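Work through the exercises below with the structure in view. Try each task before reading its solution.

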Amino acid sequence: MSSEQEQESIRCLVAKVGLDGHDRGAHVIARAFRDAGFEVIYSGLHKAPEEIVQAAVQEDVDVLGISILSGAHDTLVPKIMDGLEEYGAKDDTLVLVGGVIPDEDRDELMDEGVSAVFGPGTSIEETIEFVRENAPER
Amino acid sequence: MNADDEALLEDLLAGEHRALARVISKIENRSPGYRDLVSALYAHTGDADVVGITGSPGAGKSTLVDKLAETYRDRGETVGVIAIDPSSPFTGGAVLGDRIRMASTVGDMDVFVRSMSARGTLGGLSTATADAVKAMDAFGKDKIIIETVGAGQNEIDIVRTADTVAVLVPPGSGDDIQTLKAGILEIADVFVVNKADRDGADRTVQELQEMIHLGDGGGLSGSGGGGHHSQEVIDAHDDWDGETEDADEESGWKPPIVETVATKGTGVETFIDELAAHRTYLVDSGTHAQQVRQRYAEEIRTLLREDVHGMLEDELEAAGGIDDLADDVRRGETDPYSIATELLEPIEACVGELEVDRERDD
């Protein structure tokens, strides 16, 4: 019917996980995503992986951006990916990791199902462009 | 309904969180087939209490909702929360930050929190809110809490969707003239003076009390601060002519004032008791049946408006598109009224042929 115009908007969860109190980057990303026309849910600081999973599932986000600057990505990201899998949300959620991730850890994160890792110096435009191009079609 | 949607509905009714999340997305996006889905949900609804929480930005709505959800959970009830934040008028984007305050129940999947962008709607809710409530109701939530966009004076759409509306008034919200004004203070079934440990809370309580008494004693029925006047508020703001029964005018509901400190959880038990008391009042006085009937009437009207609007859009396209027509007006060749009449003619003719003697809805 003609009145059923689709009004889809890209929904993103910007998540801070673990004992990491540095949220300036997450705020900048949240604001930039908003200005790009996305709907951004910000998790707040110090969230456990289960909390991130709960939020991602309930909010039915297209994109999950995890910001980690603590170095604990090896343990935290896999927990989140397992949680998403448990709820059947892993395959159609675009998972991005941002922060200080050593080059040698990237492959491992990608193997876990992360779609991209954005390190220091990544431009905001690049990130937004990546989301626009890769946000899952549902 | 296609097979995918059938499966989705089945999963939702079976209590799968992801299915509920997905259905709400479909509703929000108005994905193809969402209407059939919502229409199938109706058979499973009607059991949940729907509570609306509104108030100015920073009044403490999210924090109070968090404590409310926690207390309901302690009492063994399942909770759904829909929290709405504004969207950008320029980009359509939004930052939805209510969830951050809702930390007390984290890890408990029986509290389902869903953040929504208003997507340009101005009344404090989004168009999808009412349907999302239906989805949560069908899912089996006992209590559904809707948190509106931070409201000013006139965002009162919440009365159309919630059974009970709580209006948060933080201390220092202006003098007693503010309480004379029409709008948001009229829709409260329960007043909450949050941040009650701050200076000026007593005074705010007192001003609200005076306002309620003024609406109560001075023969000003239908105005002032009576919660059971909610439907009249809707009447005043809309064009439907549903009758308003004044049978319960004598024993009517007088909105109580609850003092809370949401950050500490003070007063939340009392608040819940007052919400329950209002619920009991609604059911016992028969107001609830009336409320529900009018709500459905409004929903039917909204749907019809949307459909007719869709038909007219098609008609506009056929007539060369709105831009060309507008340009004709600009050049002084015609005027908007003539164009509207011309476009409506075929539709009116069809209606006439069907011998349906109803007036146009729009």
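**Exercise 1. Describe the make-up of chain B.**

Solution. Start with the elements: chain B has 12 helices and eight strands. Helices (H or I, at least four residues) and strands (E, at least two) are DSSP runs, numbered from the N terminus. Next, take burial: of the 362 residues of chain B, 42% count as buried. A residue is buried if 20 or more other C-beta atoms lie within 10 Å of its own, exposed if 12 or fewer, and partly exposed in between, with C-beta atoms placed from the backbone. Last, take the contacts: among those in chain B between residues at least 6 apart in sequence, 75% join residues at least 24 apart. Two residues are in contact if their C-beta atoms, placed from the backbone, lie within 7 Å.

The model is predicted, so local features need pLDDT of at least 70 and side-chain atom pairs count only at pLDDT 80 or more, while totals for chains, interfaces and linings use all residues. Residues are numbered from 1 along each chain as its sequence is written, and chains are lettered from A and ligands numbered from 1 in the order in which they are written.

**Exercise 2. Give the strand order of the seven-stranded sheet in chain B and find its edges.**

Solution. The seven strands form an open sheet in the order 4-2-5-1-6-7-8 (chain B), with parallel pairing. Two strands pair if DSSP finds at least two bridges between them. Strand 4 and strand 8 (257-259) of chain B are at the edges; each has a single partner strand, so one side of each is left without a neighbour in the sheet. Direction ignored, neighbouring strands of this sheet are turned by 20 degrees against each other on average. Axes are lines fitted to C-alpha atoms, for helices over the stretch in contact, and angles run from 0 to 180 degrees between N-to-C directions.

Now look inside the sheet. Strand 1 (residues 49-55) and strand 5 (residues 143-147) of chain B are joined in the parallel sense over five bridges. B:Ile53 has B:Glu147 in strand 5 of chain B as its bridge partner. Helix 4 (residues 61-74) of chain B packs on the sheet, and strand 2 (79-85) and strand 6 (164-168) of chain B are among the strands touched. The direction of helix 4 makes about 175 degrees with that of strand 5 of chain B.

**Exercise 3. Follow strand 7 of chain B and its two partners.**

Solution. On one side, three bridges join strand 6 of chain B to strand 7 of chain B, and the two run parallel. Here B:Val167 stands opposite B:Phe191. Strand 7 of chain B also pairs with strand 8 of chain B, again parallel and over three bridges. In strand 8 of chain B, B:Ile257 is the bridge partner of B:Phe191.

Then check the side chains. B:Val190 and B:Val192 point one way from strand 7 of chain B, B:Phe191 and B:Val193 point the other way, and all are buried.

**Exercise 4. Identify the sheet that holds strands from both chains.**

Solution. Six strands form an open sheet in the order 5(A)-4(A)-3(A)-1(A)-2(A)-3(B), and the pairing is parallel. At the edges stand strand 5 (116-118) of chain A and strand 3 (94-96) of chain B, each with a single partner strand, so one side of each is left without a neighbour in the sheet. From one strand to the next, the twist averages 20 degrees.

The link between the chains comes from strand 2 of chain A and strand 3 of chain B, which pair in the parallel sense over three bridges. A:Ile41 stands opposite B:Leu96 in strand 3 of chain B. Within chain A, strand 1 (residues 11-16) and strand 2 (residues 39-42) pair in the parallel sense over four bridges, and A:Arg11 stands opposite A:Glu39.

**Exercise 5. Which residues of chain B touch chain A, by element and by class?**

Solution. The contact takes 36 residues from chain B and 32 residues from chain A. Helix 2 (17-29), strand 3, strand 4 (111-117) and helix 10 (287-318) of chain B each supply at least two residues of the side that touches chain A. The largest share, seven residues, comes from helix 2 of chain B. By class, this side has 11 nonpolar, 14 polar and 11 charged residues. Ala, Val, Leu, Ile, Met, Phe, Trp, Tyr, Cys and Pro count as nonpolar, Asp, Glu, Lys and Arg as charged, and the others, Gly among them, as polar.
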